[in-house]
Amino acid sequence: MAKSNATTKAKDAQTSGSASSIQPILNQQFDAPKPLQKYGTVSQRLPIGLDEKTRQQSVNQLNQLLADTMTLRDMYKKHHWQVVGPTFYQLHLLYDKHYEEQSTIVDTIAERIQILGGVAIAMAHDVAELTTIPRTPRDREEAPIQVSRLLEAHQIILKNCHEYAKQADEAGDDGTNDVVVSDVMRANELQVWFVSEHVVDTQLVRSE
């Protein structure tokens, strides 16, 4: 009889344990422990042969590029939705293509920051605080104004690219130099070319 009671209790415990194990533990953010890593710091999680000072410099600069790139990416999506006029079809497609390309750059920059042991900026409110690109109004604007805003944003990013690539090279951070030049700079230069040609004042049918 005692054995039977013990067996029943064991089964009840297993059933109870099984039920509790699938119950989500909610609201843990309200009593959260210290974060795994503070923003603005670097940790030597990966042995990549770079000292802390070099990694910190690169992380700071890459987070600036990341914030500006996320802003430019979202500008392209805004203009993709709102573009009007005779060049609607061409710009509608071009803006969306550039949005996807900038999204890829965002991932590349963020991954480099994590490789360096840093914390990549992510949320919209943090991006808004950090970006150096002027805020775009909520209004719908003419296509030439959209293009001008995009070109200004590209120029800001490219100026930083030249500075950051040089500093990364001098510090011996070849990986960051490669990301800045090969991924960020070249893609932005190419996009500048495609976007700029839309505001050249040329005749459509007959030259003068």
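Helices and strands are here taken as DSSP runs, of at least four residues for helices and at least two for strands, numbered from the N terminus. In this predicted model, the elements of the protein chain run α-α-α-α-α-α from the N terminus on, and the chain accordingly has 6 helices and 0 strands. The radius of gyration of the protein chain is 25 Å, well over the 17 Å that the globule rule gives for 208 residues, so the chain is more spread out than a compact globule. Taken along the principal axes, the box filled by its C-alpha atoms is roughly 105 × 45 × 25 Å.

Two packed helices are described by the angle between their axes and the distance between the axes. Helix α3, residues 88-115, packs with helix α6, residues 174-196, at an angle of about 170 degrees, and the two axes lie 11 Å apart. Because angles over 145 degrees count as roughly antiparallel, α3 is roughly antiparallel to α6. On the α3 side, the residues making the contact include Leu 94, His 98, Ile 105 and Arg 112, while those of α6 include Val 179, Asp 183, Ala 187 and Phe 194. By class, this contact of α3 with α6 has 8 nonpolar, 7 polar and 3 charged residues.

The largest cavity is lined by Met 75, Ile 133, Pro 134, Arg 135, Thr 136, Arg 149, Glu 152 and Ala 153, which divide into 4 nonpolar, 1 polar and 3 charged residues. Helix α5, residues 143-171, provides the largest share of this lining, with 3 residues.

Key. Residues are numbered from 1 along each chain as its sequence is written. This is a predicted model: local features need pLDDT of at least 70, side-chain atom pairs count only at pLDDT 80 or more; totals for chains, interfaces and linings use all residues. Side-chain values use heavy atoms; hydrogens and water are left out. Axes are lines fitted to C-alpha atoms, for helices over the stretch in contact, and angles run from 0 to 180 degrees between N-to-C directions. Angles under 35 degrees count as roughly parallel, over 145 as roughly antiparallel, 65 to 115 as roughly perpendicular and the rest as oblique. Contact means heavy atoms within 4.5 Å. Ala, Val, Leu, Ile, Met, Phe, Trp, Tyr, Cys and Pro count as nonpolar, Asp, Glu, Lys and Arg as charged, and the others, Gly among them, as polar. On a 1 Å grid over the protein atoms alone, a cavity is a set of points where a 1.4 Å probe fits but cannot get out, and a pocket is an open set with protein on both sides within 12 Å along at least five of seven lines; lining residues have an atom within 4 Å of a point. The radius of gyration is taken over C-alpha atoms; the globule rule is 2.2 Å times the number of residues to the power 0.38.
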